Amino acid sequence: MKSHFTFTKQQRNGIFLLIGVIIILQFVYFFVDFSSEDIQINKDEFSIFQKEIDSLRLAKIEESKPKIFSFNPNYITDYKGSTLGMSDEEIDRLLAFRKQNKWINTIAQFQEVTKVSDSFLNVISPYFKFPEWISNTESSRSNYSFKNKPKTFAQKQDLNTATAAKLQRVNGIGEYYSERIIKFRNKFKGGFIADVQLQDVYGLTPELIEKVTNEFTVKTPRVIKKINLNTASIEELVTIQHIDYDLGFQIIERRQLLEGYKSLDELLKVKGFPINKIDIIKLYLFLEKENK
């Protein structure tokens, strides 16, 4: 152990020298200021650079926002309304209005129905896209009303004799829908009974049906033998569109419970009855009290 702690004169001098260097370096570290001089910045160039950075940041934020495309406000759903920023109450007012089979045709009417604020309306109204036949100005509305006065029954063409080419003259009824209308009409010998049967043509929206019936109507209805709802058997009922054996059974069971129907509208209370097809089903029925 003694050999490890015994130093020569030269080794001791080296140790003292090393300690002295360390002490000097410590003093230099604490008392000498090594901070560099202030960096000179060109403020004009820096300002230009900062503006470029800010513009790029804003452009990135703008890109990340959901894009709004033109849309018909009549078809706003819960999800669409919430993404636009509408409140639940505003969306509910719009949906309630549309459930009445009514249509919004102007920006002012949209605000009247939904009660949205002026500021919100100014933001979303530029994206409203109404059908081409709707005009947003008073003068064009009056011109449209004059030029497009509803045709009378005599002025309309017979839907049961209309060709595909004639149907295609209606805006929105191209080759596809005209062929569907004729194909459905030809399923029945004699064609349509009434205009309401257009509801059964697959793909036709209420808007398109309205356009068709503005130009066409059933003038030569198919002759059918109506069925007395209060005496009809289940075999007779199933010959009617949209009535199958299960529904026919429910209709007869309720008839027995009521001791006869007093109105065709009472069918709406039958379990499983297709409410949206009531007008079509009525075409095949009449009411007459059953003799006992």
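Lys151 is partly exposed in this predicted model, with a relative accessible area of 37%; partly exposed denotes values between buried (under 20%) and exposed (over 50%), computed with a 1.4 Å probe on protein chains only. Lys151 forms a salt bridge with Glu215, with 2.6 Å between the closest N and O atoms, a salt bridge being a side-chain nitrogen of Lys or Arg within 4 Å of a carboxyl oxygen of Asp or Glu. Because Glu215 lies in helix α10 (residues 206-215) and Lys151 in the loop between α7 (138-147) and β1 (157-158), the pair ties together parts 64 residues apart in sequence. Helices (H or I, at least four residues) and strands (E, at least two) are DSSP runs numbered from the N terminus.

The model is predicted: local features need pLDDT of at least 70 and side-chain atom pairs count only at pLDDT 80 or more, whereas totals for chains, interfaces and linings use all residues. Residues are numbered from 1 along each chain as its sequence is written, and side-chain values use heavy atoms, with hydrogens and water left out.

The whole structure contains 3 salt bridges. In another of them, the closest N and O atoms of Lys277 and Asp200 are 2.9 Å apart. Lys277 lies in the loop between α12 and α13 (278-282) and Asp200 in the loop between α9 (175-185) and α10, so this pair ties together parts 77 residues apart in sequence. Both Lys277 and Asp200 are buried. Lys282 pairs with Asp265 in a salt bridge at 2.6 Å between the closest N and O atoms.
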